[in-house]
Amino acid sequence: MQQPAQSLHNGSKISEKKLPVEPFRQTLAKHGLNLTRKETTTLQINVGLLCNQACRHCHLEAGPHSEEVMSAETVDQVVALAQRFPFEILDITGGAPEMNPNLVDMIERLSGISPRVMLRSNLTALANGERDCLVEVCKERRVVIVASFPSLNEAQAESQRGRGVFQESVNVMKKLNSLGYGQPDSGLELNLVSNPTGAFLPSSQDQLEKRFCHVLKNKWGIVFNNLFSFANVPLGRFRRWLEQSGNLERYLQKLATSFNPCAIEGLMCRSLVSVSWDGYVFDCDFNQAAGLYTGGKKTHISDLKELPEPGEPIAVSHHCYTCTAGAGFT
Amino acid sequence: MDSYYHPQDLPKFEEIGEGAPELAKKFFDYYGAVFAEGELTAREKALIALAVAHTVQCPYCIDAYTQDCLEKGSNINEMTEAIHVATAIRGGSSLVHGVQMRNIAKKISL
């Protein structure tokens, strides 16, 4: 991705007040809407910000030098939380979750608790046979793999995720296919996630899924179950790039002008509890990056007596325009 | 005014309707219908629009349809090929007129 020679903001931090869009809560009010919690059905667990990649769109600034990794003690507390409340979905994310040494143990314990366990993977962390044991456990426990694969174009994919990532990702998808993942009637689900490779909105999910399906099958014989397209969130490393490249204002305006009031109903933050690597509770992974705690209060899972009640307000900020742009982020 | 073209003018396009609202409405309705999914996909139409934008050399259109192509899932290679199609037709349209040159030259030459 090319960067304009001259930055509008010279990389300086823009305060929320100076942003060129109205506060998210004000937009909600204009439409007569409130963003409140529904019944909680999903527990999302961020097992750490350590990652073998340093993707330029990462809202958490995960990377190879991060020391923020969920400890065995916090894993125990997460398992206890999952046992305490009837979550329908347990969603493991990172960083590259594969780099947490407690992951296999965690999956083995969680898969007995909830009917659906999902593991978000950048694919390359599963490359070169280094984590074959993990893949076998995922297969055995029917863990859904949700893999990042932003673009069918190698140069664009690597501009987002780093050199060599494209071919390695293709190789890992082939391997997952060979184990049954993504194959019809195997019961082993392989879903792809495509984020735009820059400061623009994602394609229509249906259209993109058809296209990925066609190209991946024809070029590499790869199959998958579903594709999800999500806009990039203007936080963390991606926000810094937006600032440095002079794209921040225009991107925020694009997100805000694409506000879709109908997207509010299905937003994931309404039914999800997101736990950070150190065990604190947020309404979503993006609020983790923004430091916005559930209910405006820093609560550790070991102190969590009840899940957030339906009707309780969700902490919002400008980044929430990402999930309400167009079809929305559900 | 230091330039005739400003990116921030692009979103003002609809304001053109303040002068002749009925004509603008007809135009924008038509425009919307043209770019809707049809026998051609919206992605294919955006690629055609990008190529035409380069032929008419409209900076607003190039800006708008570069973003639109990316948002509809096209990649840089496909977008570059689309521009080559426009370029080939544009160049070809000059070259094919060489037939006229040859006809005239032949007529007046010994």
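How many helices and strands does chain B have? Chain B contains five helices and zero strands, where helices (H or I, at least four residues) and strands (E, at least two) are DSSP runs numbered from the N terminus. The model is a predicted one, in which local features need pLDDT of at least 70 and side-chain atom pairs count only at pLDDT 80 or more, whereas totals for chains, interfaces and linings use all residues. Residues are numbered from 1 along each chain as its sequence is written, and chains are lettered from A and ligands numbered from 1 in the order in which they are written.

Along the sequence, the elements of chain B follow the pattern α-α-α-α-α. The radius of gyration of chain B is 19 Å, well over the 13 Å that the globule rule gives for 110 residues, so chain B is more spread out than a compact globule. This radius is taken over C-alpha atoms, and the globule rule is 2.2 Å times the number of residues to the power 0.38. The C-alpha trace of chain B spans about 60 × 35 × 35 Å along its principal axes. Of its 110 residues, 14% count as buried; a residue is buried if 20 or more other C-beta atoms lie within 10 Å of its own, exposed if 12 or fewer, and partly exposed in between, with C-beta atoms placed from the backbone. Among the contacts in chain B with a separation of 6 or more, 60% are accounted for by residues 24 or more positions apart, two residues being in contact if their C-beta atoms, placed from the backbone, lie within 7 Å.

Two helix pairs of chain B share helix α2. Helix α2(B) (residues 42-56) packs against helix α3(B) (residues 59-71) at an angle of about 160°, with the axes 9 Å apart. That angle makes α2(B) roughly antiparallel to α3(B). Axes are lines fitted to C-alpha atoms, for helices over the stretch in contact, and angles run from 0 to 180 degrees between N-to-C directions; angles under 35 degrees count as roughly parallel, over 145 as roughly antiparallel, 65 to 115 as roughly perpendicular and the rest as oblique. The crossing of α2(B) and α3(B) is left-handed, a term that applies if the near helix is turned anticlockwise from the far one by less than a right angle, with right-handed used if clockwise. From α2(B), the residues B:A46, B:L47, B:A49, B:L50, B:A53, B:H54 and B:V56 meet B:C61, B:I62, B:Y65, B:T66, B:D68 and B:C69 of α3(B). By class, this contact of α2(B) with α3(B) comprises ten nonpolar, two polar and one charged residues. In this classification Ala, Val, Leu, Ile, Met, Phe, Trp, Tyr, Cys and Pro count as nonpolar, Asp, Glu, Lys and Arg as charged, and the others, Gly among them, as polar.

Helix α2(B) also packs against helix α4(B) (residues 76-96), at an angle of about 45° and with the axes 8 Å apart. The helices α2(B) and α4(B) are therefore oblique to each other, and their crossing is right-handed. On the α2(B) side the contact is made by B:L47, B:L50, B:A51, B:V52, B:H54 and B:T55, and on the α4(B) side by B:E78, B:M79, B:A82, B:I83, B:V85, B:A86 and B:R90. The residues of this contact divide into nine nonpolar, two polar and two charged.

Chain A has ten helices and eight strands. A compact globule of 330 residues would have a radius of gyration near 20 Å, and the 19 Å of chain A agrees with this. Taken along the principal axes, the C-alpha atoms of chain A fill a box of roughly 50 × 50 × 35 Å. Buried residues make up 45% of the 330 residues in chain A. Of the contacts in chain A between residues at least 6 apart in sequence, 77% join residues at least 24 apart.

Two positions illustrate the interior of chain A. A:V275 lies in strand β7 (residues 272-275) and counts as buried, with 25 C-beta neighbours inside 10 Å. Not counting residues up to four places away in sequence, A:V275 touches A:L43, A:Q44, A:I45, A:N46, A:V78, A:V281 and A:I301. A:F149 is found in the loop between β4 (144-148) and α5 (154-161) of chain A and likewise counts as buried, with 25 C-beta neighbours inside 10 Å. Leaving aside neighbours within four places in sequence, A:F149 is in contact with A:L123, A:S169, A:L192 and A:S194.

The contact between the chains takes ten residues from chain B and 13 residues from chain A. Helices α3 and α4 of chain B each supply at least two residues of the side that touches chain A, and the largest share of that side, three residues, comes from α3(B). By class, the side of chain B that touches chain A has two nonpolar, five polar and three charged residues.
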